[in-house]
Amino acid sequence: MGELRYNKDTKKERTMEHGTCPVCNGTTRVPVPESMERYKTVIAGYDKETDTFGCTNCGAQYMYGSPKGTVRLNKDGQPCKHKYTSQTVGRCLTEYTCSECGDRYQIDSGD
Ligand SMILES: [Zn+2]
Ligand SMILES: [Zn+2]
């Protein structure tokens, strides 16, 4: 085995790091919460085989997104459990920004 050396201080690389999603533990699926039981079948991402939703912490929250099982690291260097704040940026457009890792996405609510 050769020696591998990385410069761990490279800020740029650090911000690109990902870790295992803390919400689904990398499985990309989460159990249906009690409160959603009644509506689950009409929610995008519901899978009736496994009775789970796609994880909305690692991909299912994005428009056309699918869960990946990994998330960006937050400012403490831990895989982020996103805390989004929403902001209306257009007539039908809402932008969500995570206060922990800076992740940002937009949802078009359509007409
Ligand atoms: Zn997840
Ligand atoms: Zn985040």
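**Entry 1: Tyr64**

I began with Tyr64, which counts as exposed because it has 4 C-beta neighbours inside 10 Å. The cut-offs I used are these: a residue is buried with 20 or more other C-beta atoms within 10 Å of its own, exposed with 12 or fewer, and partly exposed in between, with C-beta atoms placed from the backbone. I am working from a predicted model, in which local features need pLDDT of at least 70 and side-chain atom pairs count only at pLDDT 80 or more, while totals for chains, interfaces and linings use all residues. Residues are numbered from 1 along each chain as its sequence is written, and chains are lettered from A and ligands numbered from 1 in the order in which they are written.

I placed Tyr64 in the loop between S3 and strand S4 (70-72). Helices (H or I, at least four residues) and strands (E, at least two) are DSSP runs, numbered from the N terminus. I then read the backbone: phi of Tyr64 is near 60°, a positive value in a residue other than glycine. I noted it because most residues other than glycine have a negative phi.

Asn25 sits in the loop between strand S1 (18-20) and S2. I list Asn25 as partly exposed because 13 other C-beta atoms lie within 10 Å.

Next I looked at Asp47, in the loop between strand S2 (29-31) and strand S3 (52-54). Asp47 is exposed, since it has 12 other C-beta atoms within 10 Å. I took the distance from Asp47 to Val32: they are 15 residues apart along the chain, and their C-alpha atoms are separated by 9.9 Å.

**Entry 2: the chain as a whole**

I counted 1 helix and 7 strands. Along the sequence the pattern reads α-β-β-β-β-β-β-β. Of the 111 residues, 16% count as buried. For contacts (C-beta atoms, placed from the backbone, within 7 Å), I find that residues 24 or more positions apart account for 41% of those with a separation of 6 or more.

**Entry 3: the core**

Which residues make up the largest nonpolar core? I list 11 residues in all: Cys21, Cys24, Val30, Phe53, Cys55, Cys58, Ala60, Val71, Cys80, Cys98 and Cys101. Such a core is a set of buried Ala, Val, Leu, Ile, Met, Phe, Trp, Tyr and Cys residues joined through C-beta atoms within 7 Å.

I followed Val71 further. Leaving aside neighbours within four places in sequence, Val71 is in contact with His18, Gly19, Cys21, Asn57, Cys58, Pro79 and Cys80.

**Entry 4: the sheet S5-S6-S7**

I traced an open sheet of 3 strands in the order S5-S6-S7, with antiparallel pairing; two strands pair if DSSP finds at least two bridges between them. Strand S5 (84-88) and strand S7 (104-108) are the edge strands, each pairing on one side only. Neighbouring strands are turned by 25° against each other on average, direction ignored; the axes are lines fitted to C-alpha atoms, for helices over the stretch in contact, and angles run from 0 to 180 degrees between N-to-C directions.

I checked both pairings. S5 and S6 are antiparallel over 5 bridges, and they form a hairpin with 4 residues between them. Strand S6 (residues 93-98) is joined to S7 by 5 bridges, also antiparallel. The S6-S7 hairpin has 5 residues between its strands, and Gly102 in the turn has a positive phi of about 85°.

Leu93 has Asp108 as its bridge partner in S7.

**Entry 5: strand S5**

From Thr88 to Gln106 I get 9.4 Å, C-alpha to C-alpha, across 18 residues in sequence.

Methods: Contact = placed C-beta atoms within 7 Å.
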